[in-house]
Each structure stands twice: as structure tokens, then as C-alpha cells.
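Dear colleague,

Please find below the structure that I am handing over to you. My notes on it follow directly after the display.

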Amino acid sequence: MPRVSGWSEAKQCMPVAAGMPVELGKCDIPALVELERLCFSVPWSAKQYETVIGNEPFHLFGIREGQELVGYLTLFASAWEMEILNIAVHPSWRRQGYGQRMLSHVLHLCRKMGIKRGYLEVRRSNIPAQSLYTAFGFEEVGVRRRYYPDNREDAIIMRLDLETDPSRTD
Ligand SMILES: CC(C)(COP(=O)(O)OP(=O)(O)OC[C@H]1O[C@@H](n2cnc3c(N)ncnc32)[C@H](O)[C@@H]1OP(=O)(O)O)[C@@H](O)C(=O)NCCC(=O)NCCS
């Protein structure tokens, strides 16, 4: 049975190069909070990031260009399932493949870990994010009506079967 503690080993096997996703730490919190504010109407706070960074079921990856954090992805992983909690790319760096690169990296790691299913929630109106997820094989499996507190928009629940042949993930 795969163990979540195997994550460190799995991550060490991944290439580390400029423009590639890397694991984020507490020193990245100010940049994360700034990006959150730019990208989401209900942003996570510094306190929320302090709770998840370094806390084993959570994993945070980001991509830097120079000193700038241009995008990040947060996920929660158990032995068989994972959930993508957040993914965002700075508005000035969108449509240049960063979102795709982060998702690809994370799905590759999840497959290595033997994780079988991935889940996420996305606003009904968020077509860019839905297009990204669909390109990786995520499918709509449910709806949480009036889920988001700011505008009562529906959340679409999407699922990916990680045991199927990876399309854009390797
Ligand atoms: C969703 C998001 C992370 C995508 O990041 P990105 O780096 O711009 O995405 P990429 O350049 O890697 O695009 C990958 C694919 O996603 C889809 N996509 C991305 N932006 C899109 C847009 N504006 N319209 C339609 N499809 C889009 C396309 O399928 C694209 O593939 P293609 O370029 O071959 O057509 C980014 O738009 C973002 O940060 N949005 C705000 C935060 C957010 O809504 N996060 C999701 C929360 S659920």
C-alpha cells in the first residue's frame, strides 16, 4: 500500500530546473498571499498557509521566474485520493503553459505514489480553469449548489481517474 510519507522520495526524483515546479516553504507565504489576492475573490490568508505548509497531507508547489513566484498549486493527498485545493498563475504570466506544467508535475507525482483518484471544485463560470482540467482528463461528477460564499455561485466537482492512461501528464 502506498504511504504518504513516500512523497519526499518521489519529489526528490523530479527534475529541478528554472521554470519547473518546486516545493514551496514558509518563506514563500508573503508571495503566496499576494498571488491569492490577485487571483481569487475569497483569498486564503497567511494564517491558512501557515497551517498547511509542512503539514504532511498538504503539498505546495510553485514556479518561479527569477525571484518572482508566478504560480502555485496546493493539494491534499491521502493514500488513494488527492484533492487540488488551489491553482493559480499571476495574471501577467497566464496562457504560457505554467498552469499546465504545475498540474502535469503534480499528477505525475500522484501516479508515482499510487494515488488512484483526483478531485477538485471549480466555479461554474471559471471556463479557463475547467478547460485546463478537462485537458488533463478531469470530468464533471457533481455540483454543489450555491457553494461559494461571495456570490453563491455553484461549484462543479470534477474527478480524474489516475489509473487511466495519462494524456497530457507525462
Ligand atoms: C486557471 C489558470 C491557473 C490557468 O493557468 P495558465 O498558466 O494560464 O494555463 P496554461 O497556459 O497552462 O493553459 C493550459 C490550458 O488551460 C486552458 N486555458 C487556460 N486559460 C484559458 C482561457 N483563458 N480560456 C480558455 N482555456 C484556457 C487551455 O486548455 C490551455 O491549453 P492551450 O493553451 O493549449 O489552449 C489561470 O487562468 C488562473 O490562475 N486563473 C485564476 C485562478 C483560478 O481560477 N484558479 C482555478 C481555481 S479552481
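**Salt bridges**

Glu-163 and Lys-116 form a salt bridge, in which the closest N and O atoms are 3.4 Å apart; the term stands for a side-chain nitrogen of Lys or Arg within 4 Å of a carboxyl oxygen of Asp or Glu. Glu-163 lies in the segment after strand 7 (155-161) and Lys-116 in the loop between helix 4 (98-112) and strand 5 (117-123), so the pair ties together parts that are 47 residues apart in sequence. Helices (H or I, at least four residues) and strands (E, at least two) are DSSP runs, numbered from the N terminus.

Before going further, please note that this is a predicted model, in which local features need pLDDT of at least 70 and side-chain atom pairs count only at pLDDT 80 or more, while totals for chains, interfaces and linings use all residues. Residues are numbered from 1 along each chain as its sequence is written, and side-chain values use heavy atoms, with hydrogens and water left out.

Glu-163 counts as exposed, at 53% relative accessibility, whereas Lys-116 is partly exposed, with a relative accessible area of 24%. On this scale, buried means under 20% relative accessible area, exposed over 50%, and partly exposed in between (1.4 Å probe, protein chains only). Glu-163 also lies 8.2 Å from Ile-115, C-alpha to C-alpha, although the two are 48 residues apart in sequence.

The count of salt bridges comes to 9. Among them is the one between the side chains of Arg-124 and Asp-154, at 3.1 Å from N to O. Arg-124 lies in the loop between strand 5 and helix 5 (127-135), and Asp-154 in the loop between strand 6 (139-144) and strand 7, so this pair ties together parts that are 30 residues apart in sequence. Asp-154 also forms a salt bridge with Arg-145, the closest N and O atoms being 3.2 Å apart. Asp-154 is buried, with a relative accessible area of 14%; Arg-124 is partly exposed at 38%, and Arg-145 is exposed at 60%.

An open sheet is formed by 7 strands in the order 1-2-3-4-5-7-6, with mixed pairing. Strand 1 (22-23) and strand 6 stand at the edges, each with a single partner strand, so one side of each is left without a neighbour in the sheet. Two strands are taken to pair if DSSP finds at least two bridges between them. Strand 1 pairs with strand 2 in the antiparallel sense over 2 bridges, and Phe-61 in strand 2 is the bridge partner of Glu-23.

**Helices against the sheet**

Helix 4 lies across strand 2, strand 3, strand 4 and strand 7, and runs at about 160 degrees to strand 4. Helix 5 lies across strand 4, strand 5 and strand 7, and runs at about 160 degrees to strand 5. Axes are lines fitted to C-alpha atoms, for helices over the stretch in contact, and angles run from 0 to 180 degrees between N-to-C directions; contact means heavy atoms within 4.5 Å.

Which residues of helix 5 are buried? They are Ala-129, Gln-130 and Tyr-133. These residues cover an arc of only 100 degrees around the axis, which puts them on the same side of helix 5; the arc is that of the directions from the helix axis to the C-beta atoms. Strand 4, helix 4, strand 5 and strand 7 are included in what covers them. At the N-terminal end, Asn-126 caps helix 5, with a side-chain oxygen 3.2 Å from the backbone nitrogen of Ala-129. Gly-137 follows helix 5 and has a positive phi, near 100 degrees.

In helix 2 (residues 29-39), the buried residues are Ile-29, Leu-32, Val-33, Leu-35 and Glu-36. They cover an arc of only 165 degrees around the axis, which puts them on the same side of helix 2. Pro-30 and Arg-37 are exposed on the other side of helix 2. The buried residues of helix 2 pack against helix 3 (46-52), strand 2 (58-65), strand 3 (68-77) and strand 4 (81-89).

With kind regards

Conventions
A polar contact is a pair of N or O atoms within 3.5 Å; within protein, one must be able to donate a hydrogen and the other to accept it, and residues adjacent in sequence count only if both atoms are side-chain atoms.
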